[in-house]
Amino acid sequence: MTKRMAAAIAGLGLLATTMAACSTVAGAGLGAGAGAAIGPGTGYGAGKGALIGTGVGAAAGAIYGATKK
């Protein structure tokens, strides 16, 4: 196996991993933004709301990505 072929296989593997994780990353970003916006109204503050939103959004994105394949 040549270096060029090995690099191509590794690149395709990374691309597939990135595409699979796309919904998880997007969910985490949206959750963090929503949590930061809602957090102060609930008494947790923007920082803690963003942390909670990140976790919930990442979990929801992962579930969405797994079921929509």
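**A buried glycine and its surroundings**

Author: Start with Gly-53, which is buried, with a relative accessible area of 12%. Keep in mind that this is a predicted model.

Reader: Which element holds Gly-53, and which residues does Gly-53 touch, not counting those up to four places away in sequence?

Author: Gly-53 lies in helix 2. Leave out residues up to four places away in sequence, and Gly-53 touches Gly-31, Ala-32 and Gly-35.

Reader: How far apart in space are Gly-53 and Gly-27, C-alpha to C-alpha?

Author: Along the sequence, 26 residues separate Gly-53 and Gly-27. In space, their C-alpha atoms are apart by 9.1 Å.

Reader: How far apart are the end C-alpha atoms of helix 2?

Author: Helix 2 covers residues 46-67, which is 22 residues. At 1.5 Å a residue, helix 2 should span 32 Å. The model agrees, because the end C-alpha atoms are apart by 31 Å.

Reader: Which residues of helix 2 are buried, and where do they sit around the axis?

Author: The buried ones are Gly-49, Ala-50, Gly-53, Gly-57, Gly-61 and Gly-65. They cover an arc of only 110° around the axis, so they sit on the same side of helix 2. In general, an α-helix has 3.6 residues a turn, so residues three or four places apart point the same way.

Reader: Is Ala-59 buried or partly exposed?

Author: Ala-59 also belongs to helix 2. Its C-alpha atom is 9.7 Å from that of Gly-31, 28 residues away along the chain. Buried would need under 20% relative accessible area. Ala-59 has 40%, so Ala-59 is partly exposed.

Reader: What distance separates the backbone oxygen of Gly-61 from a polar atom of the Ser-23 side chain?

Author: Ser-23 is in helix 1, residues 3-42. Beyond its neighbours within four places in sequence, Ser-23 is in contact with Gly-61, Tyr-64 and Gly-65. From the Gly-61 backbone oxygen to a polar atom of the Ser-23 side chain, the distance is 2.9 Å.

Reader: What share of the 69 residues is buried?

Author: The accessible surface of the protein comes to about 4,900 Å², and 76% of that belongs to carbon and sulfur atoms. Among the 69 residues, the buried share is 17%.

Conventions:
Residues numbered from 1 in each chain as written. Predicted model: local features only at pLDDT ≥ 70, side-chain atom pairs only at ≥ 80, totals over all residues. Heavy atoms only, no water. Helix = DSSP H or I, 4+ residues; strand = E, 2+ residues; numbered from the N terminus. Expected span 1.5 Å × (residues − 1). Buried < 20%, exposed > 50% of the residue type's maximum accessible area, 1.4 Å probe, protein only. Arc of directions from axis to C-beta. Polar contact = N/O pair within 3.5 Å; in protein donor to acceptor, adjacent residues only side chain to side chain. Contact = heavy atoms within 4.5 Å. Areas by Shrake-Rupley, 256 points an atom, 1.4 Å probe, with all protein chains shown as cover.
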